[in-house]
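Please consider the sequence and structure shown below. A short report on the chains and their contacts is requested.

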Amino acid sequence: MSVASQDTAIRTGRITRTLIYVVLILFALFYMLPLYVMLVNSVKPLSEITGGGMMNLPEEFTLEPWFKAWSSAQIGVEPTGLAPYFWNSIKMVVPAVAVSTVLGALNGYVLTKWRFKYDTILFGLMLFACFIPFQIVLIPMARMLGLMGLAGTTWGLALVHVVYGIGFTTLYFRNYYAVFPTELIRAAQIDGAGFFQIFWRILLPSSGPIAVVSIIWQFTNIWNDFLFGASFAGADSQPMTVALNNLVQASHGVKEYNVHFAGAILAATPTLLVYIVAGRYFVRGLMAGSVKG
Amino acid sequence: MRAFPKTKATVVAALMTSATMVAADDVEVLHWWTSGGEAAALNVLKQDLEGQGIGWTDMPVAGGGGEQAMTVLRARVTAGNAPTAVQGLGFDILDWGKEGALADLNEVAAKEGWDEVVPDALKAFAKVDGKWVSAPVNVHSTNWVWANKSVLDANGIAVPTSWEDFTAALETLKAAGITPIAHGGQAWQEATVFDAVAMSVLGPDGYKAAFVDLDEATLGSDAMKEAFDRMAVIRANVDDNFSGRDWNLATAMVINGEAGFQMMGDWAKGEFLNAGKVPGEDFLCFRFPGTADQVTFNADQFMMFDQGGPVSAEQAALASAILSPSFQSAFNVVKGSVPARTDVSDADFDACGKQGMKDLAAAAASGNLFGSMAHGHAAPASVKNAIYDVVTAHFNGEFDSETAVDELVDAVSIAK
Amino acid sequence: MAHSANADFKTRLQNWIPKLVLSPSVAMMLVFVYGFILFSVYLSFTDSRLLPSFGWVGLENYSKLWRLSHWEVSIKNMGIFAALYIVICTTIGLGLAIFLDQKIRGEGLLRPIYLYPMALSFIVTGTAWKWFLDPGIGLENVMHSWGWESFEFRWIKDRNYAIYTVVLAAVWQTSGFVMAMFLAGLRGIDNEILKAAQMDGASNWNLYRRIIIPQLRPAFLSAFVILSHLAIKTFDLVIALTGGGPGRATELPATFMYSYTFSRNQMGIGAASATIMLMTIAAIMIPYLYSELREKR
C-alpha cells in the first residue's frame with residue numbers, strides 16, 4: 001500500500017503542454033466563477049448591485065455587508081445575524097463527524113479483518129442504504145426522535161447525521177483496510193493481541209489519509225444539510241443553513257444581495273477551510289483507499 | 001397549563017408526555033416572517049407578550065411562502081413536539097384542525113367577541129366544527145393591479161375597468177416600447193393572475209363552483225377556456241425574461257417604469273412604499289378589470305397547537321394580543337394588508353389601505369368575499385397545486401387553452 | 001485446566017467482539033433505513049394525506065401517479081439529467097486528472113480550485129448561478145456589454161433547455177471531486193509498466209488507451225456510485241436554480257416526491273413515487289454491488 005505521491009512517467013511536448021495549461025486554466029476560471037460573483041458582490045453597496053454589472057469590480061469597497069450578515073441581519077424576530085447559528089452548527093457537526101468516522105473505521109475493520117458468514121451481504125445492505133432518499137425518512141424519523149426524547153435537540157440532529165453517514169464512512173474504511181496486509185494482523189493475533197489492541201496499534205496509526213477523506217466527506221455533507229436541520233432542530237439548535245435560508249428567502253422587502261452573498265460565504269467558510277487545509281491529504285487518501293476497490 | 005422547569009432532565013420527561021419543550025410562560029412561535037418589516041411587526045407582538053411576563057421563543061423557517069415551515073411543522077407534530085403557535089394559511093389550518101391537533105380558543109373568543117368583528121368568509125378558516133382554533137392576523141386581497149402612474153399618464157391610459165380597456169392599454173404600452181405587464185414566472189404568481197382572470201370571466205358564482213365546489217362542468221366549461229385564452233393574452237404582454245423571477249423584482253419593474261402593470265396581492269404595496277413612492281401620485285392600485293366588486297383574499301393566522309388539555313394561558317394571551325385592534329392596525333399598516341377584524345380604525349392607513357378596508361367590508365357585506373384559490377383559501381393543497389400545474393404549463397406554452405381545460409378537469413379529479 | 005478454560009472463554013469473546021462492534025451500526029441501519037423503507041412502501045398503499053394514516057387503498061396511488069404528466073416529466077428529466085451528468089462529470093474529471101498528472105506547475109493551487117465547489121451547498125451558490133444564467137443580468141448581459149451584441153444564452157428561461165442548466169451547475173459542483181478520484185487512481189499506477197511500454201515505442205495516446213485507462217476501473221466504478229447517488233438525490237440544486245420551472249420543466253423525482261409528500265398533502269402518492277424510485281435504484285445498484293462484492297471473495 002504505497003501512499004507516496006508520484007507523477008506519471010508520460011512525457012509531453014511543448015505544444016501539448018501549453019495546450020494542457022490553457023485547458024487547466026480555463027477550467028479553473030469556470031470553477032471560480034460563482035465564487036467570484038459572490039465575493040465581488042458581497043463588498044459592493046446595494047445600489048451598485050441593483051445598477052447592474054454583476055461581473056464588475058466594486059467601485060466603492062465596503063465590508064459593511066459582512067458585518068451585517070454576521071451580527072445584525074434579520075434572521076427571525078431578532079436581528080441576530082448568523083453568529084449564534086454558527087455555534088449551533090459546530091455543536092452538531094463535531095460529534096456527528098467524530099462518531100460516524102469512528103464507527104465507520106470499526107465497521108471497516110470488522111468487515112475486512114474479522115470476516116464472518118454473510119458479512120458481504122451486510123456490507124451490501126449498508127452501501128445500498130446510502131441511496132435512501134432523505135425525503136422519505138423525515139416523518140418516521142421525527143416519530144423515532146420523539147419516542148427517544150431527542151426531538152428538537154442537537155443530539156437528535158447529530159444522531160440523524162450519524163445514521164445516514166455510516167454507509168459512506170464504512171465504505172471508505174472498508175476499501176482502505178481491504179488492501180492492508182492481513183498477515184500483519186494474523187501475526188499480532190499469534191502474539192496474543194486482542195481485537196481493540198490490533199485496531200489501536202496496527203490499523204489506526206496508518207489510517208490518517210482515509211480518515212481525512214471520511215472527515216471531509218461527512219463534514220461537508222452535515223454542515224451543508226438543510227432538510228434535517230430545519231426539520232429536527234429546536235428553536236435553540238437551528239444550524240447555520242437554516243439561518244442562511246431565512247436570510248436569503250425572506251419574501252418581502254428589499255433583497256440585500258450583498259448581505260446574502262456575504263452570509264453565504266460566511267456559512268461556507270468552515271467547509272472551504274476544511275478543503276483547503278486538508279485538501280492536500282484528500283487526494284492521497286482517495287489514492288490509498290477508496291478508489292482502489 | 002403544564003409547568004416544566006427548564007432543566008435537561010425534565011425537558012426529556014416533557015417530551016415523553018408529548019408536551020411542548022418550551023417551559024411554562026413561554027410561547028414558541030413557528031413562522032416565516034423574516035424580512036425586516038415583518039419581523040419588526042412581529043416584534044410588537046413579542047414585546048406585548050413580554051410585558052405580560054410571557055417569553056417568546058422564536059422558530060423562524062422561511063421559504064416557499066411557508067411551505068418549508070409546514071414541512072417542519074409536520075416533523076414537529078409527528079415527534080410529539082408541536083410548537084405553541086404556528087403561522088398558517090387557509091386549508092392547512094382546517095387540515096390540522098380536523099386532525100384534532102389544535103387547541104380550542106372559544107373561551108377567549110367569546111370573551112372578546114371575535115364572532116361579531118371577523119367576517120364570515122374568514123371565520124370559515126379560523127373555526128373548525130364551531131371551535132376557534134387560530135387567531136387571524138390580517139386579510140390580504142389578491143385581485144389587485146398595480147400600475148406606474150407616470151407611465152400610464154404619458155401614454156394616455158386611464159384606469160381600465162373592463163377586459164377590453166385593459167387589452168387596449170396593453171397594446172398602447174407595447175407600441176410605446178414598454179413591457180406592458182411585469183410578471184414573475186413562478187407557479188404561484190401565475191395562479192394569482194389566473195385567480196383574478198377566472199373571477200372576471202366566470203363571475204363570483206362560477207368562481208365558487210369551479211374552485212370551491214370543484215364542479216367538473218364549470219372546470220371544463222367554455223368560460224374556463226376563455227379564462228385560459230385571456231391568460232395567453234397576458235403571456236403575450238410579458239417580457240421574455242419572466243421565468244423564475246421573484247415577485248418583488250417584477251414589482252421593481254413597475255416602480256422603475258420599465259413596465260406598466262403588475263397583478264399581485266396587496267403585499268406589493270410595501271415595495272412601492274419602501275421605494276419612497278406615494279399611492280395615488282406615483283403608483284395606482286385598482287381591482288383587476290371585471291372584479292371591482294369582488295375581493296379574493298388570503299389571511300395569515302396563528303394556529304394554536306393543543307398542548308394537552310385546555311388552551312394554555314400563554315396561548316390565550318397571544319391570541320388576544322393578535323386580535324387586539326392596536327396590533328391589527330400597527331401590523332397591517334406595515335404589511336400592506338388590512339385588519340382581520342372589520343372594526344379597526346383606518347386612520348393610520350394610506351389611500352390603498354383605506355380602499356382595501358372599504359372593499360373588504362363591502363365585499364363581506366354583499367357576499368362577494370371569496371378565498372383565493374392561488375393562496376390555498378378555496379381548495380385543499382392537493383387541488384391547489386394540481387391547478388397550479390395546469391396554469392403554469394399553459395402559461396409557459398406547453399399546451400393550448402382547449403387542452404388546458406381538459407387537463408384541468410383531469411388534474412382536479414386526481415387530486416380530489 | 002483453569003488456564004485453558006479461560007483461554008477458551010477469551011477466544012469465544014474474541015469471536016464475538018467483532019459482531020458486537022458491528023451491531024450498533026447494523027441495528028441503526030435496519031431500523032432507520034430498511035424499517036423506514038418498509039414503512040414508506042406500506043404508506044404507498046394507504047390513503048395518507050397530511051399525516052400517515054392506515055386506510056388501505058390498494059394500488060390507487062400508483063394508478064394516480066402514472067396518470068400525472070408531472071411525474072412523466074420528472075422521470076424523463078431524471079433520464080436526461082443522470083445520463084448527461086454522469087457522462088460529463090466522468091469525462092471532465094478524467095480529462096482534468098490526466099492533464100493535472102503531467103507534472104503541472106501550480107498543481108497545488110489548481111487542485112483546491114477544482115475541488116472547492118463540492119464544499120458549498122446550493123443554498124449558498126444557487127443565487128450566484130441564477131444570476132449568472134439569467135439573460136437579463138448574467139452572461140448574456142455581460143457579453144452584450146462587452147460588445148458581443150448577438151450573443152444569446154437563455155437556456156434557463158426556455159423549458160426545453162432549462163434542464164441543461166441544471167446539468168451545468170451540477171457538473172460544476174462535482175466534476176472536481178471526480179477529478180480527485182481519477183487523479184488518485186492515476187498516481188497509483190506503476191510507472192515501471194509505462195516505462196517499459198514507452199521503450200517499445202508506444203505513443204502517449206496508446207499508453208492511455210491500452211494501459212492506463214483500463215487500470216482505472218476501480219476509480220470508474222467508485223465515481224459511478226458516487227455520481228449516481230448524487231444524481232438521484234439532486235434536490236436543493238433544482239429548488240435553488242429553477243424552482244422546478246419554467247412551468248414544471250425541471251422537476252426531478254426528488255422534487256416531485258417532496259412536493260407531493262409535503263406541499264400537496266398527498267403523502268400516499270409521494271410514497272408511491274418514492275417506492276418506484278427505490279426500486280429503480282435497486283435495479284441498477286444490486287447487480288453492480290453483486291458483481292463488485294462477489295469478485296473480491
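The report below covers the basis of the model, chain A, the interface and an annotated domain.

## Basis of the model

This is a predicted model, in which local features need pLDDT of at least 70, side-chain atom pairs count only at pLDDT 80 or more, and totals for chains, interfaces and linings use all residues. Residues are numbered from 1 along each chain as its sequence is written, while chains are lettered from A and ligands numbered from 1 in the order in which they are written.

## Chain A

Chain A contains 13 helices and 0 strands, where helices (H or I, at least four residues) and strands (E, at least two) are DSSP runs numbered from the N terminus. Its C-alpha atoms occupy a box of roughly 75 × 65 × 30 Å along the principal axes.

Of the 293 residues in chain A, 54% are buried; a buried residue has 20 or more other C-beta atoms within 10 Å of its own, with C-beta atoms placed from the backbone. Among contacts in chain A with a separation of 6 or more, 76% join residues 24 or more positions apart. Two residues are in contact if their C-beta atoms, placed from the backbone, lie within 7 Å.

## Interface of chains A and C

In the contact between the two chains, 81 residues of chain C meet 77 residues of chain A. Helix H1 (residues 2-43) of chain C gives the most to the chain C side, with 16 residues.

That side of chain C comprises 56 nonpolar, 17 polar and 8 charged residues. Ala, Val, Leu, Ile, Met, Phe, Trp, Tyr, Cys and Pro count as nonpolar, Asp, Glu, Lys and Arg as charged, and the others, Gly among them, as polar.

## Annotated domain of chain C

An unreviewed UniProt entry places the feature "domain: ABC transmembrane type-1" at residues 75-290 of chain C; UniProt positions are given in the numbering used here, feature names are shortened, and annotations may be inferred rather than shown by experiment. Over residues 75-290, chain C is 74% helix and 0% strand, and the end C-alpha atoms are 26 Å apart.

Technical notes. A residue is buried if 20 or more other C-beta atoms lie within 10 Å of its own, exposed if 12 or fewer, and partly exposed in between; C-beta atoms are placed from the backbone.
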